[in-house]
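Work through these exercises with the model open beside you. Try each task before reading its solution.

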Amino acid sequence: MKNNKRKINKKTIARILASVLAVIFVLAAVVTVFPINVGADYNAYLDDKLIRVGIYHGASSVLNVALTSDTGFDIGVFDDTEKVFTPLATSTSYALNVSLSDGMIYFITPENSTVYTHSSASSICVRASGFGGRITASGYTYTGLLEFTNIDALMRMVNISYLEDYIKGVVVSEVYTKWPAEALKAQAMVARTYTLYTSGKHTSGGFDLCNGTCCQAYLGVGKAVEATNAAVDETKGLIVAYGGKPALTTYHSNSGESNENASSAWGSNPEAYPYLSTVHTGFDDTANYVNGNWSFSVSASELTEYVNSKEGYEGILQGNITDIRCESINGSEYVYKLILSDAFGNEIEIVKSTQVRNFLVKYCKSACFKVFSHSTVYAGNTDDYVLDSQNMYVITAQGEKTLYSPTIGVEALTKTGLSTVEPTSERVFTIIGKGYGHGVGMSQYGAMTLAQNGYDYNYILGLYYPGTEIVDFRSLGIK
């Protein structure tokens, strides 16, 4: 009996040793697949609000994307609800190519070794290994995760980033890094506020915001510098609020002594955005701004051809444009209504300053402009004059007349006597304006000027968004 017990004990020990070796083998295999520093804190994204930014989507979707990272890559899935990343594979390679083929997404090293293949209809994510790692995609550097999804046989790429990291990428993409600190802080706060106000704009596309001027310019964080990052860090969480909610902090490159109001720009009810009213800043420094003062001259025939080529306006004008009238409202310098007429009485009317600017975008940088027209006319046999249609009057045999469109038969008293004014073949319109952009909200260059003159971001934001207050967005219950 004692000998049998010894045999049983030896068999048991052998089984235990085999089990231990199996466990060690499995753990060794797991270590080669998962990053060494995997842990709850490393895989949870709970430190800040997350923003999903569409990088490649719709018409810009791609079949492959080249990635680089100094620390290697983690590939896995992300739970948007729990905000947890679950790694499925890892690679120590400095580069990966993500490609879509036959409905499958491949992660391949430069040595043509496949690290991971994703065949599910769901999304797959990749990040740089290590805490705070950065990943570069097609030359642009991002923090957080890059999410890839097969959409109609093309890949959509979304950057899932912390809010503050995203704002760092926006600020450096929107303004010059050497601007005064208070101007950079003002930009950081309006960008953060605008993000929270518009987040979800592209939900139907699978992300919150896009990376273009449709939302805000965002080229990742690769070009961020100490000054722009400090502006974001020193205003962390602070936004411009109205009525206990994030305000619509639209902004533009620059404007003159006054900006545009939301009602004239978009036709909205003035009570909807009372803080987006026409603001008189007390200064006009557009002469020193990029695209601050500008002008374009265009012949009547060229302008008519341009208008007739625009979708929805084909064939309305039967002849060359002979007259352009501009109207403004609500104390704004911006053109609210633009009326173009031809010699046959046909008219095109454009309403709302943003629509006016978009309609004439080839010839204007903002809707803050005036239009002048002129043509060379010949009086007598030798004298010629360039006449400004806006303020040129002549005394003719029939009385005082405005030469906005000289016609054959108008007689003018010249130094050689009464002569018939002959028109040239066409007129020229000159559009003279100031400012760049829609003009609503904060002027970025205006904020720079104010900061140069010693004003802080509180004053700048209070000036451009009257009636608002500065609060931490988390105090409003925004998560």
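**Exercise 1. Find how helix H3 (residues 163–174) packs against helix H5 (residues 226–233).**

Solution. Start with the axes. In this predicted model, H3 and H5 pack at an angle of about 135°, with their axes 9 Å apart. Helices (H or I, at least four residues) and strands (E, at least two) are DSSP runs, numbered from the N terminus. Axes are lines fitted to C-alpha atoms, for helices over the stretch in contact, and angles run from 0 to 180 degrees between N-to-C directions.

Next, name the arrangement. The angle makes H3 oblique to H5. Angles under 35 degrees count as roughly parallel, over 145 as roughly antiparallel, 65 to 115 as roughly perpendicular and the rest as oblique.

Then take the handedness. H3 passes H5 in a right-handed crossing. A crossing is left-handed if the near helix is turned anticlockwise from the far one by less than a right angle, and right-handed if clockwise.

Last, list the residues. H3 brings Glu164, Ile167, Lys168, Val171 and Val172. H5 answers with Thr228, Asn229, Val232 and Asp233. Contact here means heavy atoms within 4.5 Å.

Before going on, note the ground rules. Residues are numbered from 1 along each chain as its sequence is written, and side-chain values use heavy atoms, with hydrogens and water left out. As the model is predicted, local features need pLDDT of at least 70 and side-chain atom pairs count only at pLDDT 80 or more, while totals for chains, interfaces and linings use all residues.

**Exercise 2. Describe the crossing of helix H9 (residues 444–452) and helix H10 (residues 457–464).**

Solution. The axes of H9 and H10 come within 10 Å and cross at roughly 140°. H9 is therefore oblique to H10. The crossing of H9 past H10 is right-handed. On the H9 side, Gly446, Ala447, Leu450 and Ala451 make the contact.

**Exercise 3. Which strands pair with strand E1 (residues 50–56)?**

Solution. Begin with strand E12 (residues 154–162): E1 pairs with E12 in the antiparallel sense over six bridges. Two strands pair if DSSP finds at least two bridges between them. Val53 has Asn159 as its bridge partner in E12.

Now turn to strand E13 (residues 209–210). E1 and E13 pair in the parallel sense, over two bridges. Gly54 stands opposite Cys210 in E13.

Finally, check burial. Seven of the seven residues of E1 are buried, so E1 is largely enclosed by the rest of the structure. Buried means under 20% relative accessible area, exposed over 50%, partly exposed in between (1.4 Å probe, protein chains only).

**Exercise 4. Is Asn159 buried or exposed, and what does its side chain reach?**

Solution. Asn159 has 0% relative accessibility, so it counts as buried. Its side chain reaches the backbone oxygen of Thr143 at 3.0 Å. The Asn159 side chain also makes a polar contact with the side chain of Tyr218 (2.7 Å). A polar contact is a pair of N or O atoms within 3.5 Å; within protein, one must be able to donate a hydrogen and the other to accept it, and residues adjacent in sequence count only if both atoms are side-chain atoms. Beyond four places in sequence, Asn159 touches several residues, including Ile51, Arg52, Val53 and Leu145.

**Exercise 5. Trace the open sheet that includes strand E7 (114–118) and strand E10 (140–142).**

Solution. Six strands follow the order E7-E6-E5-E2-E9-E10, with antiparallel pairing. E7 and E10 are the edge strands, each pairing on one side only. Neighbouring strands are turned by 25° against each other on average, direction ignored. Strand E6 (residues 104–108) joins E7 through four antiparallel bridges. Tyr106 stands opposite Thr117 in E7.

Now look inside strand E2 (residues 64–68), where Ala66 sits. Ala66 is partly exposed, with a relative accessible area of 44%. Setting aside neighbours within four places in sequence, Ala66 contacts Leu96, Asn97, Thr136, Ala137 and Ser138.
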